[in-house]
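I opened a new page today for a structure I had not looked at before.

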Amino acid sequence: IPEGRQIRRAFRNIRRTIPEIASVLILFLLVIFLFAMMFYKLFKDKGMTKVEGTPYFQNFFDSYWDLYVLVTTANSPDIMMPAYDQYAFYSIFFIVFEVVCVYIFMSIFLAVVYNNYRKNLKTEVKEAIQRKRNLIDQAFDMMKSDVFGREVIIQGDFNQLLKKAMPNKSEQYFKILWVVLDVDNNGYIDRQEFHNLPDLMNIKITEVKPNLFERFIPNIYRGKYSK
């Protein structure tokens, strides 16, 4: 299934990308850690409560989680309102946190993720292309013939290969592929021309096959009374 190969390729790229962005991710979590420590020390003794009545920055781990959620802006501005209601200048700490973590650090983090994923995707595509070229070269080396000192594939061997690989296709289909591949029309295919075969095989071609009457009683089917 082509979609399955694409999914596996995406997972391989993600697996390769994660170690490369680990340092940036750790630095991001450390920045939240420093802000959580500062907010915890600043608000733990203020006696404030959240909107729903739960303690306000009374526990370090709760403080860390609240700030982590604030990076997604899911609890903004609710998490800031108790401090703002007590002293308006407390909002400066939250604004600085959002500017540093949301607008600056998240942009850097996303850029690092994107660049590393794109780099690994390019590597994956290059490896896939090189792997395909190597397999095509191996197939060519197994089928090649020496014609006037040149390594080429003759039409008979080419048809036998396609009959094994694509048994449901007709001789007319094989002839079409041969004519397209034989660019210089010299009666055989060299290595460079053979490299185009997988791309041609991926092109969908609809064959118009004769019906039962045309195959078994062609004289009656093509007779003047049948037209």
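**Ground rules.** I am looking at a predicted model, where local features need pLDDT of at least 70, side-chain atom pairs count only at pLDDT 80 or more, and totals for chains, interfaces and linings use all residues. Residues are numbered from 1 along each chain as its sequence is written, and side-chain values use heavy atoms, with hydrogens and water left out.

I take helices (H or I, at least four residues) and strands (E, at least two) as DSSP runs, numbered from the N terminus. Two strands pair if DSSP finds at least two bridges between them.

Next I followed the partners. Three bridges hold β1 to β2 (residues 150-154) in the antiparallel sense. Ser145 faces Val152 in β2, and Asp146 stands opposite Glu151 in β2. Val152 also stands opposite Asp190 in β3, where three bridges join β2 to β3.

What lies between β1 and β2? I found a hairpin with two residues between the strands, and Phe148 in the turn has a positive phi of about 55 degrees.

Contact here means heavy atoms within 4.5 Å.

**Helix α4.** How far apart are the end C-alpha atoms of α4 (residues 91-143)? They are 76 Å apart, which agrees with the 78 Å that its 53 residues should span at 1.5 Å a residue. The expected span is 1.5 Å times one less than the number of residues. I also noted that α4 bends by about 35 degrees at Phe105; the bend is the angle between axes fitted to the seven residues ending there and the seven starting there.

**Helix α2.** This helix (residues 60-71) has twelve residues and reaches 17 Å from its first C-alpha to its last, close to the 16 Å expected. Asn59 caps its N-terminal end, with a side-chain oxygen 2.8 Å from the backbone nitrogen of Phe61. After α2 comes Thr73, with a positive phi near 60 degrees.

Then I sorted residues by relative accessible area: under 20% is buried, over 50% exposed, and in between partly exposed (1.4 Å probe, protein chains only). Buried residues in α2 include Phe60, Ser63, Leu67 and Val71.

Is Asp66 buried or exposed? Asp66 is buried, because its relative accessible area is 9%. Leaving aside neighbours within four places in sequence, Asp66 is in contact with Lys50, Asn75 and Ile79.

Phe61 also lies in α2, but I put Phe61 down as exposed because its relative accessibility is 65%. Its C-alpha is 8.3 Å from that of Ala36, 25 residues apart along the chain.

My last stop was Ala74, in the loop between α2 and α3 (81-86). At 61% relative accessibility, Ala74 counts as exposed. From Ala74 to Phe43, I read 21 Å between C-alpha atoms, with the two residues 31 apart in sequence.

Note on methods:
A polar contact is a pair of N or O atoms within 3.5 Å; within protein, one must be able to donate a hydrogen and the other to accept it, and residues adjacent in sequence count only if both atoms are side-chain atoms.
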